[in-house]
Amino acid sequence: MTQQEALFRFALRMGDNTLVLGHRISEWCGHAPVLEEDIAQANIALDLIGQARNYLAYAGEVEGKGRGEDALAYLRDSREYINALITEQPKGDFAHTIVRSFLWDAFHLPLLKALANSPDERLKGIAEKAVKEVTYHLRHSSEWLVRFGDGTGESHDRAQAALNDLWRFTGELFEADDAERLLAKAGIIPQLENLKADWNATVDGVLKEATLQRPAGEWMASGGKHGMHTEHLGLMLAEMQVLQRTHPGATW
Amino acid sequence: MRTAEDITALLEQVKDPEIPVISIRELGVLRNVSVDEDRVEVTITPTYSGCPAMDFMRLEVERTLREAGVERFTVHQALSPAWTTDWISEEGRKKLLDFGIAPPPSSADIRALKGTAPAIACPLCGSTDTTLVSHFGSTACKALYKCNACKEPFDHFKCH
């Protein structure tokens, strides 16, 4: 694998992660439990989809085969998507959405902080912008998690159940593939395993305040980063891509 | 022949579609204008990665240049350095306030990013007895507040 191929794959993965999660969060638009949260979730989804456009446009340029952001988003099947499994899980109840966002945000923020120092000017530019947005995301998901965990019996139990359910998807975030190892060696992206300490500190701190238990389960699911997805991604893409698949090249 | 100053003055007509009292220069979205013989280069930067107004502002810049008879121009979009609320001009801040949006504090006050910033004054009655309702308001760049004194809700252009 050349460095250019690795860079394509990494930019594509960041695009896929943010696009898939952004789409999942956007599913709350018009359905969130309170109006303020409807607006907040739509805003967070918009930030992520904006970041996805930046990454996918860059991936298309690095690849050099004429694929733009739309071709990469709308004309690939689930096996060609290389996002982490946690991003594609269904939105579930509101506790699931908040717990998923929290586990992701706690990883996303230190990753972006490192990328904001990348010698790759484009990754650096995208990350410098996104780091400000994701600082708000992490604050938002952390505050909700504390409110749920340290709230009523019902909210506590639902948050704990969501945490137990989603925990198995967190290991994959720190598993580097060949492309990520190559880029980390070249100093372009951080070593993913080095982000674990930061993630642990954030997770443990917020869970303690929320009176939630860190799940003991050590078995971790993986495969998303290699195109092996849970059944949920294909269904999500079917909905997300239906217009471009039915009317290829349609614009409005 | 037009100078960069002429083009900048011309682009004063281009407003933020969501806050139509403030121009893209006052907002800090217009980053650079240069003129090389008859060729005009304009650089703009988004406030947020997903700002849906960006495509519109770009089209407005292009339309304004075309209508003024500028034939050769390029509009670039730059992400770096990342836009900050510190780039909103003093005049822009005043216009935001008059429009009913509490302007952002300086990001040099890092407490603003950490959520422990001093209270935001109500743009309607001036009281600092205000409460944050939501970090996320009617657009990506705003938070939602309410004033405990006059009881009115208001938008706050959040620190970025």
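Modeller: We may, bearing in mind that this is a predicted model. Strands of a sheet pair through backbone hydrogen bonds, either parallel or antiparallel. In chain B, three strands form an open sheet in the order E3-E4-E5, and the pairing is mixed.

Biologist: Which strands stand at the edges of this sheet?

Modeller: The edge positions belong to strand E3 (30–36) and strand E5 (72–77) of chain B. Each has a single partner strand, so one side of each is left without a neighbour in the sheet. From one strand to the next, the twist averages 15°.

Biologist: What packs on the sheet?

Modeller: Helix H3 (residues 54–67) of chain B does so, touching E4 and E5 of chain B. The direction of H3 makes about 160° with that of E4(B).

Biologist: How many bridges join E3(B) to strand E4 of chain B?

Modeller: There are 6 bridges between E3(B) and E4 (residues 39–44) of chain B, and the two strands run antiparallel. As one case of such pairing, B:Leu30 has B:Ile44 in E4(B) as its bridge partner.

Biologist: What is the strand order in the sheet of 4 strands in chain B?

Modeller: That open sheet has the order E6-E9-E8-E7, again with mixed pairing. Its edges are strand E6 (101–102) and strand E7 (130–134) of chain B; each has a single partner strand, so one side of each lacks a neighbour in the sheet. Strand E8 (residues 142–147) and strand E9 (residues 153–157) of chain B run antiparallel and are joined by 5 bridges. Within E9(B), B:Asp155 is the bridge partner of B:Leu144.

Biologist: How many residues of chain B are in contact with chain A?

Modeller: On the side of chain B there are 17 residues, in contact with 23 residues of chain A. The side of chain B that touches chain A comprises 9 nonpolar, 8 polar and no charged residues.

Biologist: How many helices and strands does chain A have?

Modeller: Chain A has 10 helices and 0 strands. The radius of gyration of chain A is 18 Å, close to the 18 Å that the globule rule gives for 252 residues, so chain A is as compact as a globular protein of that length. Along its principal axes, the C-alpha trace of chain A spans about 55 × 45 × 30 Å.

Biologist: What share of the residues of chain A count as buried?

Modeller: Of the 252 residues of chain A, 47% count as buried. As for contacts in chain A with a separation of 6 or more, 75% are between residues 24 or more positions apart.

Key. Residues numbered from 1 in each chain as written. Chains lettered and ligands numbered in written order. Predicted model: local features only at pLDDT ≥ 70, side-chain atom pairs only at ≥ 80, totals over all residues. Contact = placed C-beta atoms within 7 Å. Nonpolar A, V, L, I, M, F, W, Y, C, P; charged D, E, K, R; others polar. Pairing = 2+ DSSP bridges. Axes fitted to C-alpha atoms, helices over the stretch in contact; angles between N-to-C directions. Rg over C-alpha atoms; globule rule 2.2 N^0.38 Å. Buried ≥ 20, exposed ≤ 12 C-beta atoms within 10 Å, placed from the backbone.
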